[in-house]
Amino acid sequence: MGKEGTSTDNRTSRNNEKSSVITTMDHGNREIKSSVFTAFFGESKNAAALYDAIAGTSGTRPEDIRYETLEGVLFMARKNDLSFLANETVLVISEHQSTINENMPLRNLVYYGRTVERLINPRDLYRERRIKIPTPEFYVFYNGAKDYPLEKEIRLSDSFMISRKSYMMDLTTKVINISKGKGHSILATCQPMKEYSDFMEYIRQFMKTESQNRERAITLAIRKCREEGIMTEFLNRHSSEVENMLFTQWNWDDALEVAKEEAIEIAKEELRDTVKAEVKEEVKAEVKEEMEMARKEADNARKMAEDALAELKRIKEQYGIS
């Protein structure tokens with residue numbers, strides 16, 4: 001970071017290993033619960049390994065990680081967003097286990113803007129010399145059951161109302177599918193991500209064998225991971241919290257899915273009612289138009305008949321026909 005760049009030198013560094021990443025935080029009238037993903041990568045050694053895998057580097061140390069996660073900005077009932085600074089790069093990452101949110105670039109724009117506000121002294125904006133700021137990178141790690149590409153980039157410009165060949169501003173978010181079956185290379189280069197992916201896969205497997213008994217599936221998955229040395233240290237320290245987080249996490253995803261299904265059904269019903277009303281009005285308009293045409297045709301026929309009778313009367317009178 002440049003000497004003129006930020007005012008972060010006089011900020012007190014967080015204790016990146018403290019277990020408070022697994023907490024329930026009071027934010028207004030809402031409870032914000034950490035997900036297992038943010039708790040696991042909220043440990044700086046795991047974040048350092050993730051950074052090296054993403055950046056293609058090696059040797060990043062836990063003490064090189066400084067968390068800049070903003071509370072209450074992007075998440076609602078479940079905290080699945082994480083931001084940290086490493087080697088002059090700010091990584092903003094998020095995990096999704098259901099449908100990918102196409103508004104992630106817009107959310108990341110807001111997130112990064114507020115992050116930069118924390119990193120710089122507002123007075124520095126008025127300096128003539130250029131301010132150096134961390135390079136931003138945005139990632140979403142998809143771990144859902146539905147099929148999704150191995151990698152996909154979604155852009156802020158996709159949301160712009162006017163489409164152009166180029167834009168004065170854009171933001172790209174890379175979505176990486178970390179589902180075990182996809183075999184993304186990051187699972188080979190980042191051991192913590194591989195272990196996390198394995199853990200989620202075991203939960204899904206046990207969900208199938210335990211007749212959808214979620215609590216039982218989570219317990220068995222934790223036991224299996226301990227036996228195989230997967231996320232062992234993390235699970236030993238936080239097993240009860242992990243069970244609670246996972247149970248909340250799955251319930252939250254289910255609630256979103258149910259809400260989405262209900263919204264679709266409501267939309268379908270409203271569409272059916274609208275179509276019925278429109279068809280009814282259209283039929284009424286067509287019937288009215290046909291009746292008007294029939295009336296005009298009847299009037300024309302009556303006038304023609306009257307004209308014919310008048311002509312016949314004239315001819316009779318002309319030739320004295322009685």
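Q: In which loop is Ile133 found?

A: Helices (H or I, at least four residues) and strands (E, at least two) are DSSP runs, numbered from the N terminus. Ile133 is found in the loop between helix 3 (104-119) and strand 7 (135-142). This is a predicted model, in which local features need pLDDT of at least 70, side-chain atom pairs count only at pLDDT 80 or more, and totals for chains, interfaces and linings use all residues. Residues are numbered from 1 along each chain as its sequence is written, and side-chain values use heavy atoms, with hydrogens and water left out.

Q: How many helices and strands does the protein chain have?

A: The secondary structure of the protein chain comprises seven helices and nine strands.

Q: Does one read Ile133 as buried, partly exposed or exposed, and what is the relative accessibility?

A: Buried means under 20% relative accessible area, exposed over 50%, and partly exposed in between (1.4 Å probe, protein chains only). Ile133 has 42% relative accessibility and therefore counts as partly exposed. Pro134, which lies in the loop between helix 3 and strand 7, counts as buried because its relative accessibility is 3%. Of the 322 residues of the protein chain, 37% count as buried.

Q: Which residues are in contact with Ile133, leaving aside its neighbours within four places in sequence?

A: Contact means heavy atoms within 4.5 Å. With those neighbours within four places left aside, Ile133 is in contact with Tyr112 and Ile120. Distance in space can also be set against distance in sequence: Ile133 and Val90 are 43 residues apart in sequence, and their C-alpha atoms are 9.2 Å apart. Pro134 and Leu91 are likewise 43 residues apart along the chain, with 9.4 Å between their C-alpha atoms. For the protein chain, among contacts with a separation of 6 or more, 66% are between residues 24 or more positions apart.

Q: Where does Asn143 lie, and which residues does Asn143 touch?

A: Asn143 lies in the loop between strand 7 and strand 8 (151-155). Its relative accessible area is 1%, so Asn143 is buried. Not counting residues up to four places away in sequence, Asn143 touches Glu95, His96, Gln97, Ile178, Ser179, Tyr196, Met200 and Arg204.

Q: How many salt bridges does a search of the whole structure find?

A: A salt bridge is a side-chain nitrogen of Lys or Arg within 4 Å of a carboxyl oxygen of Asp or Glu. The search of the whole structure finds 19 salt bridges. One of them joins Asp64 to Arg61, with the closest N and O atoms 2.9 Å apart. Asp64 is partly exposed, at a relative accessible area of 22%, and Arg61 also counts as partly exposed, at 44% relative accessibility.

Q: Which residue forms a salt bridge with Asp81, and why does the pair tie together parts that are apart in sequence?

A: Asp81 forms a salt bridge with Arg107, and the closest N and O atoms are 3.3 Å apart. Asp81 lies in strand 5 (residues 81-86) and Arg107 in helix 3, so the pair ties together parts that are 26 residues apart in sequence. Asp81 counts as buried at 1% relative accessibility, and Arg107 counts as buried at 18%.

Q: What separates Asp299 and Arg295 in helix 7?

A: The side chains of Asp299 and Arg295 meet in a salt bridge (2.9 Å, N to O). The two residues are four residues apart in helix 7, and about one helical turn therefore separates them. Asp299 counts as partly exposed at 26% relative accessibility, and Arg295 is partly exposed with a relative accessible area of 42%. Elsewhere, salt bridges that share partners join Glu43, Lys45, Glu233 and Arg237 into one network.

Q: Which residues make the nonpolar surface patch?

A: Patches are made of residues with over 30% relative accessible area and no salt bridge; like charges are joined within 9 Å, and nonpolar side chains (Val, Leu, Ile, Met, Phe, Trp, Tyr) within 5 Å. Accessible areas come from the Shrake-Rupley method with a 1.4 Å probe, and for residues only the protein chains shown count as cover. Leu271, Val275, Val279, Val283, Val287 and Met291 make a nonpolar surface patch of about 520 Å². Val287 is placed in helix 7 and counts as partly exposed at 40% relative accessibility.

Q: Which residues gather in the patch of negative charge on the surface?

A: Lys and Arg count as positive and Asp and Glu as negative, while His and the chain ends are not counted. The place of a charge is taken as NZ of Lys, CZ of Arg, CG of Asp or CD of Glu. Glu278, Glu282, Glu286, Glu289 and Glu290 gather in this patch. Glu290 has its place in helix 7 (residues 232-319) and counts as exposed at 54% relative accessibility.
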